[in-house]
Amino acid sequence: MASLFITKDDVLLFQARLRNAEVTIGRTEGNVIRLGDLSVSRCHARLHREASGNYLLEDNNSTNGVMVNGQKLTLPARLQDGDEIKIGAYVLRFAEESATTTDHLRALFAPSTHKVGRRPEATASGALVSEAEQLVFTIAQDRIVLGNRGEVDIRLEGEEPLRASLFRRGDRFFLCSETGAPCVRVNGLLTMNAQVRYNDVIEIGGRQFVLRAV
């Protein structure tokens, strides 16, 4: 299954596995891949999988356009392994089915591409995996925020305030609710604070994630 590795400011945010024949990319709810920055149009671009298994990318009349390998996209383009797509403030790297996650993580965090001060060897220690949505949110920093209030790394839906942080301290992970009341479950148990281990199941805002080693 092909994937897109989504980065912003040289930080890997998540991996989206392309299980659907039609994939929309945009800022608003309803898109298969949601990118929350205002530089992204409501429905910015579309991916279509051909019968041959190849993917065609097209700009959906977006405000800021789409770039593929530095060239502005004017007609649908057939993607190849390693292609870099620029959508607003985000860079998406296309990976074909035969390529491994590890290969592309290494490419994304090669010394020539990451910012000074970032530690690429620390970025691939863990990931939150949404198996139902085929999304992989790589923990590229010491803290990743899930919620529907304020600036977050993983945007959740719902009227009820939701906000929790997953902290990494060395090789250990800790989950903390930030709403003043428990809003997250770990392995089915509602909690305010908990240490989280690999393969633990985290539930918040109707979504389920599994902490995996990468």
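Phe14, Phe137 and Phe209 form one aromatic cluster. The model is predicted: local features need pLDDT of at least 70, side-chain atom pairs count only at pLDDT 80 or more, and totals for chains, interfaces and linings use all residues. Residues are numbered from 1 along each chain as its sequence is written, and side-chain values use heavy atoms, without hydrogens and water.

User: Which geometry does the pair Phe137 and Phe209 have: stacked, tilted or edge-to-face?
Analyst: Phe, Tyr and Trp rings (for Trp, the six-membered ring) pair if their centres lie within 6.5 Å; planes under 30 degrees apart are stacked, over 60 edge-to-face, and the rest tilted. The centres of Phe137 and Phe209 are 5.9 Å apart and their planes stand at 75°, so the pair is edge-to-face.

User: Is His44 buried or exposed?
Analyst: Buried means under 20% relative accessible area, exposed over 50%, and partly exposed in between (1.4 Å probe, protein chains only). His44 has a relative accessible area of 0%, so His44 is buried.

User: Which side chain does the side chain of His44 join in a polar contact of 3.1 Å?
Analyst: A polar contact is a pair of N or O atoms within 3.5 Å; within protein, one must be able to donate a hydrogen and the other to accept it, and residues adjacent in sequence count only if both are side-chain atoms. The backbone nitrogen of Ser41 lies 3.0 Å from a polar atom of the His44 side chain. The side-chain partner at 3.1 Å is Ser62.

User: What is the C-alpha to C-alpha distance between His44 and Gly88?
Analyst: In sequence, His44 and Gly88 are 44 residues apart. In space, their C-alpha distance is 9.1 Å.
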